[in-house]
Amino acid sequence: MAAAAPSAASRIAVVTGASSGIGAATARALAEAGYRVVLTARRKDRIEAVAEEINAAGHSATAYPLDVTDRAAVDEFASAFKTIGVLVNNAGGALGADPVATGDPAHWRTMYETNVIGTLNLTQALLPGLEASGDGTVVVVSSTAGHGTYEGGAGYVAAKHGAHILAETLRLELVGKPLRVVEIAPGLVKTEEFALTRFDGDAERAAKVYAGVPDPLTAEDVAETITWAVTRPSHVNVDLMIVRPRAQASNTKIHREQ
């Protein structure tokens with residue numbers, strides 16, 4: 001089935017958390033697919049650099065510094081759009097890997113605010129424009145963590161489960177409207193920042209996450225999956241896609257070479 005080119009009314013795509021990793025790769029991929037991409041993240045310099053790269057390649061991108069947990073800022077951002085074709089809720093992340101007994105409540109709160117409330121903020125603010133396009137798509141980038149727990153991951157699992165339930169419920173509530181709700185749930189993805197952020201900059205500990213794993217997913221792998229789902233014909237909704245590297249059978253069973 002061929003990819004569908006974005007219509008004039010739906011060719012704007014907003015990508016949150018677009019300063020690096022999956023978000024930046026998704027912005028590049030959607031721009032190549034013909035969308036006018038709006039990159040948002042808190043780090044102004046990073047999203048501007050990615051936007052400049054996309055524009056230099058002959059595509060269209062704009063950078064907009066934004067904290068997805070700041071509802072007033074989100075509403076101001078959304079007021080600029082009468083119509084919008086795609087929203088990719090990618091902003092998120094993990095903090096810590098402590099057991100429930102000793103987990104940091106501040107980490108749990110931050111993960112929930114970013115992964116769930118941030119997704120809620122952007123989705124609520126942009127839904128009118130998505131519906132007005134006549135062909136809108138909401139993408140929630142969750143995680144396999146939202147579909148199965150593991151020791152030391154309860155805070156992140158809880159947040160990503162919240163994102164999964166948000167997407168699942170929203171799809172029920174929007175049925176009959178010209179809107180699709182897609183959830184992409186990646187497994188082990190090796191990016192430059194995810195594990196490093198999770199372990200508070202501890203490079204040695206972050207490296208152990210991927211140690212011995214042959215070919216973990218890349219940000220580009222996930223971006224290609226997102227773009228494929230978004231560019232299906234309008235009547236095709238990819239409700240949920242779980243994407244793992246071949247070496248990962250589950251969150252707790254990963255093949256590692258010696």
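These legends accompany several close-up views of a predicted model.

**View 1. Seven parallel strands make an open sheet.** Strand S3 (60–65) and strand S7 (240–243) are the edge strands, and each pairs on one side only. On average, neighbouring strands of this sheet are turned by 15° against each other, direction ignored. As a bit of background, strands of a sheet pair through backbone hydrogen bonds.

**View 2. Strand S4 meets strand S5.** Here you can follow S4 (residues 86–89) alongside S5 (residues 136–141): the two run parallel and are joined by 4 bridges. Look for Asn89, which stands opposite Val140 in S5.

**View 3. A helix lies across two strands.** Helix H5 (residues 154–174) lies across S5 and strand S6 (179–186). The helix runs at about 160° to S6.

**View 4. The largest nonpolar core has 35 residues.** Leu30, Val37, Leu39, Val88, Val139 and Ile226 touch the most other members of this core. Helix H1 (21–32) and helix H8 (219–230) are among the elements that each supply at least two residues, and the largest share, 7 residues, comes from H1. In soluble globular proteins, nonpolar side chains tend to be buried together.

**View 5. Ile226 and its contacts.** Which residues does Ile226 contact, leaving aside its neighbours within four places in sequence? They are Ile22, Thr26, Val88, Val139, Val141 and Ile184.

**View 6. A second core stands separate.** This core has 25 residues, including Val74, Phe77, Phe81 and Ile84.

Definitions and conventions:
Residues numbered from 1 in each chain as written. Predicted model: local features only at pLDDT ≥ 70, side-chain atom pairs only at ≥ 80, totals over all residues. Heavy atoms only, no water. Pairing = 2+ DSSP bridges. Axes fitted to C-alpha atoms, helices over the stretch in contact; angles between N-to-C directions. Contact = heavy atoms within 4.5 Å. Core = buried A, V, L, I, M, F, W, Y, C linked by side-chain atoms within 4.5 Å. Buried < 20%, exposed > 50% of the residue type's maximum accessible area, 1.4 Å probe, protein only.
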